[in-house]
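Please open the structure in your viewer and keep the selection panel at hand. The tour below goes from stop to stop, telling you what to select next and what is there.

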Amino acid sequence: MTPLIAEPSSSIDLFDDTVLDDPYPLYEVLRGMGPAVWLNRHDMWFIGGYEDVKTALHAAATFSSENGIALTDAANRQFLNGTVLVAHGMRHVQLRRPLSRQLAPRAMKSLVPEIGSRAARLAVEYITKGAFDAVELVTEFVAGQVVHLMGLPESTRPKLVAQGAAVFDMFGPGNARHRAAAPLATAMMTFLSTEVSRTSVRPGSWMADLYQAADDGDIAEDDVVPLMSAYTTAGMDTTIHGITAALHHLAHHHRYYKKLRTGRLKAAAVFQEAIRLDAPIQGFGRRARRDTRVGNARIRAGEQVWLSYGSSGRDPRRWGHYADTFRPGRTGADLHLALGYGPHACAGGHLAVAQATGLLDALAHHGTRLEPAGIPVRARNNILHGWATLPLTITPDRRRVRHARKPTATQA
Ligand code: HEM
């Protein structure tokens with residue numbers, strides 16, 4: 001289907017390597033063309049203005065997630081069918097309930113001491129290495145903890161991180177990246193459905209809790225694997241990219257690192273600003289359920305729409321003249337859409353913020369200066385935006401590092 005001539009359209013490839021590496025100039029052009037731009041190559045509408053993305057996310061009955069998140073029918077069927085992401089109405093409430101319980105602010109509060117001690121241990125270990133790869137540090141920290149909370153063995157961590165990213169690749173168009181990711185992404189679903197069981201997960205863990213919810217009749221047995229996939233897909237690469245983006249920006253803005261270190265800036269504000277500027281999930285699709293209008297564009301029932309969280313975070317009509325600038329602590333920074341909005345807003349945002357706060361604070365506490373130590377390399381993914389490697393160096397605060405390394409009475 002093609003729109004009327006008067007409606008803005010473009011033949012750009014939104015998922016080309018050069019666009020994935022730096023999508024922001026293109027987003028600016030597309031936003032300038034109108035609230036909704038038809039992308040011929042992908043057969044979909046692009047929506048990238050802050051208010052337009054927010055309105056569409058809220059209007060779930062018009063812009064539905066069902067058969068709409070991914071850009072291919074096969075991926076919608078294989079990876080999203082039965083998940084909380086595409087559920088609506090009472091079924092959404094039912095599937096979201098166990099996740100909300102596990103990820104509620106109160107549950108996260110009780111994790112803070114554990115997050116803090118893991119963060120301090122890893123911060124000291126990496127800072128004293130000299131130059132280190134921040135992606136390695138953040139992956140060990142974030143994924144190590146999520147795998148533990150899920151109740152899976154630590155040995156599954158590397159493969160789950162890679163498989164989670166592959167599932168995100170599958171949500172894009174049927175390009176080479178999508179095809180290359182298929183075996184890894186499929187392996188994740190096979191792992192969850194064949195190797196994870198009531199007896200293999202740690203008692204008291206998130207996964208054990210999901211089996212319990214099935215035993216109690218709160219969810220169906222068939223809901224367990226799709227719910228698990230929400231954690232393995234949504235809960236690791238996203239936070240990893242968010243925290244590494246924050247470290248990248250801090251390394252280029254020493255005054256903010258200094259403010260963080262001296263308590264004049266909150267780590268949560270640094271993280272929120274980093275994900276506003278570089279949304280770890282750049283966009284998700286929706287399917288129009290009825291004819292509707294966005295600006296001049298007439299969107300017909302059945303058409304695919306792409307909601308760009310990444311573009312909405314750079315919209316100067318919302319973020320002002322300095323939309324492209326890292327300014328942690330700016331007013332309303334946490335009103336960004338990087339964690340979604342409306343009925344499907346992120347269920348794990350509190351965990352992401354708790355992890356980011358724990359690690360950023362631990363690094364700032366144990367190091368006096370954070371600097372780039374080489375050229376970072378982008379992790380190319382159809383959906384995710386972040387770094388594959390990010391070389392950094394942090395000058396140790398010798399007194400605090402020495403103190404952290406002192407054996408406690410029980411260790412001595
Ligand atoms: C910086 C880190 C994170 C980012 C940027 C992020 C981003 C998002 C976004 C944009 C959505 C909305 C999807 C939509 O509109 O269709 C979402 C939903 C979701 N996220 Fe996150 N997320 C993060 C961390 C996490 C974590 C740590 C978890 C769990 C451990 C998690 C679990 C979920 C789940 C279950 C949903 C689906 C909610 C629903 O459909 O009702 N996320 N996330």
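Select strands β11 and β12, which form a hairpin with four residues between them; helices (H or I, at least four residues) and strands (E, at least two) are DSSP runs, numbered from the N terminus, and two strands pair if DSSP finds at least two bridges between them. Strand β11 covers residues 377–380 and strand β12 covers residues 385–389, and the two run antiparallel, joined by four bridges. If you pick Val377, you will find Thr389 of β12 standing opposite.

Before going further, please note that this is a predicted model, in which local features need pLDDT of at least 70 and side-chain atom pairs count only at pLDDT 80 or more, while totals for chains, interfaces and linings use all residues. Residues are numbered from 1 along each chain as its sequence is written, and side-chain values use heavy atoms, with hydrogens and water left out.

Next, select β5, β13 and β10, which make an open sheet of three strands in the order β5-β13-β10, with antiparallel pairing. Strands β5 (132–133) and β10 (367–372) stand at the edges with a single partner strand each, so one side of each is left without a neighbour in the sheet. Between β10 and β13 (residues 391–396) the antiparallel pairing runs over five bridges, and Glu371 can be found opposite Thr393 in β13.

Which residues of α13 are buried? They are Tyr256, Tyr257 and Leu260, where buried means under 20% relative accessible area, exposed over 50%, and partly exposed in between (1.4 Å probe, protein chains only). Seen down the axis of α13, these buried residues fall within an arc of 105 degrees, so they line one face of the helix; the arc is that of the directions from the helix axis to the C-beta atoms. They pack against α12 (237–252), α14 (267–277), α17, β10 and β13, with contact meaning heavy atoms within 4.5 Å. After α13 comes Gly263, whose phi is positive, near 80 degrees.

Now move to helix α4 (residues 73–80), whose buried residues are Ala75, Asn76, Phe79 and Leu80. They cover an arc of only 100 degrees around the axis, which puts them on the same side of α4. An α-helix has 3.6 residues a turn, so residues three or four places apart point the same way. Among the elements that cover the buried residues of α4 are α8 (157–170) and α9 (176–194). Just after α4, Gly82 takes a positive phi of about 85 degrees. Within α4 itself, select Asp73, which counts as partly exposed at 43% relative accessibility and which, leaving aside its neighbours within four places in sequence, is in contact with Asn67 and Arg287.

For the next stop, select Leu14, Met150, Phe171 and Leu247, which touch the most other members among the 132 residues of the largest nonpolar core; such a core is a set of buried Ala, Val, Leu, Ile, Met, Phe, Trp, Tyr and Cys residues joined through side-chain atoms within 4.5 Å. Helix α7 (residues 134–150) gives the most to this core, with eleven residues. Leaving aside its neighbours within four places in sequence, Met150 is in contact with residues including Leu160, Trp206, Tyr231 and Met236.

Then show the six strands of another open sheet, in the order β1-β2-β3-β9-β6-β4, with mixed pairing. Its edge strands are β1 (9–10) and β4 (63–64), each of which pairs on one side only. Strands β2 (residues 36–39) and β3 (residues 44–47) pair in the antiparallel sense over four bridges, and the bridge partner of Trp38 in β3 is Trp45.

Finally, select the iron atom of the ligand. Which residue is its only protein donor? That donor is Cys346 (SG), at 2.3 Å, where donors are N, O and S atoms within 2.8 Å of the metal (3.2 Å for Na, K and Ca), and sites may look incomplete because water is not among the atoms. Cys346 lies in the loop between α16 (316–319) and α17 (349–366).
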